[in-house]
Amino acid sequence: MGARHALSLRLTINGTRHDITSDPDTPLVYVLRDELKMKGTKLGCGLEQCGACAVLVDGKVVLSCVTPVEVFDGQAITTIEGIADTEVGQRVQQAFVKETAAQCGYCTSGLVIAATALLSEDAAPDEETTKTALTPHLCRCGSHPRVLKAIKEAAST
Ligand code: FES
Ligand code: FES
């Protein structure tokens, strides 16, 4: 089966409208990285198994490596490039920096996205709730203890 014909789609990313012309079956992460040159969203497993490709869609965490871009037509997407546009996202980002909650950094944008979604819904989550929210996000460098510290810090500021 070949690629479908390119369609004109309208994505709203970090508050800016982007009119794109892509094969509508292309997963969102490829459109972000390759077409729009927004490289902050990482491609890890490509199988919805690692969390590296997380973005926010209408405030909820969505993995962008499998779902076709056409599903996001007309929805409000936030990527790591726009995460500091909200007060919560800015706090999370600053806490990750303060706690040096990254090593290679490959998983970090997904974790910042997940932490921002969590604290937007629950301003003071307990550790179990935080761990549950982070479960889909793998870190091969073992930065999770510092990530937990950063989220605690962001929650208390
Ligand atoms: S790249 Fe999407 S979950 Fe791993
Ligand atoms: S900091 Fe390297 S994978 Fe998480």
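I started with the sheet: it is open, has five strands and runs in the order β2-β1-β5-β3-β4, with mixed pairing. I was working on a predicted model, which I kept in mind throughout.

Next I asked which strands stand at the edges. They are β2 (16–22) and β4 (60–63); each has a single partner strand, so one side of each is left without a neighbour in the sheet.

Then I went to one pairing. Strand β1 (residues 7–13) and strand β5 (residues 76–78) run parallel, and two bridges join them. I looked up the bridge partner of I13 in β5 and found I77.

What packs on the sheet? I found helix α3 (residues 108–121) there, touching β3 (54–57) and β4. The direction of α3 makes about 35° with that of β3.

My last entry is on helix α4 (residues 127–134), where I listed the buried residues: T130, A133 and L134. They cover an arc of only 95° around the axis, which means that they lie on the same side of α4. I also looked at the face of α4 turned away from this buried side, and it carries the exposed residues E128 and T132. Finally, I asked what the buried residues of α4 pack against. The partners are α3 and α5 (144–156).

Methods
Residues are numbered from 1 along each chain as its sequence is written. Chains are lettered from A and ligands numbered from 1 in the order in which they are written. This is a predicted model: local features need pLDDT of at least 70, side-chain atom pairs count only at pLDDT 80 or more; totals for chains, interfaces and linings use all residues. Two strands pair if DSSP finds at least two bridges between them. Helices (H or I, at least four residues) and strands (E, at least two) are DSSP runs, numbered from the N terminus. Two residues are in contact if their C-beta atoms, placed from the backbone, lie within 7 Å. Axes are lines fitted to C-alpha atoms, for helices over the stretch in contact, and angles run from 0 to 180 degrees between N-to-C directions. A residue is buried if 20 or more other C-beta atoms lie within 10 Å of its own, exposed if 12 or fewer, and partly exposed in between; C-beta atoms are placed from the backbone. The arc is that of the directions from the helix axis to the C-beta atoms.
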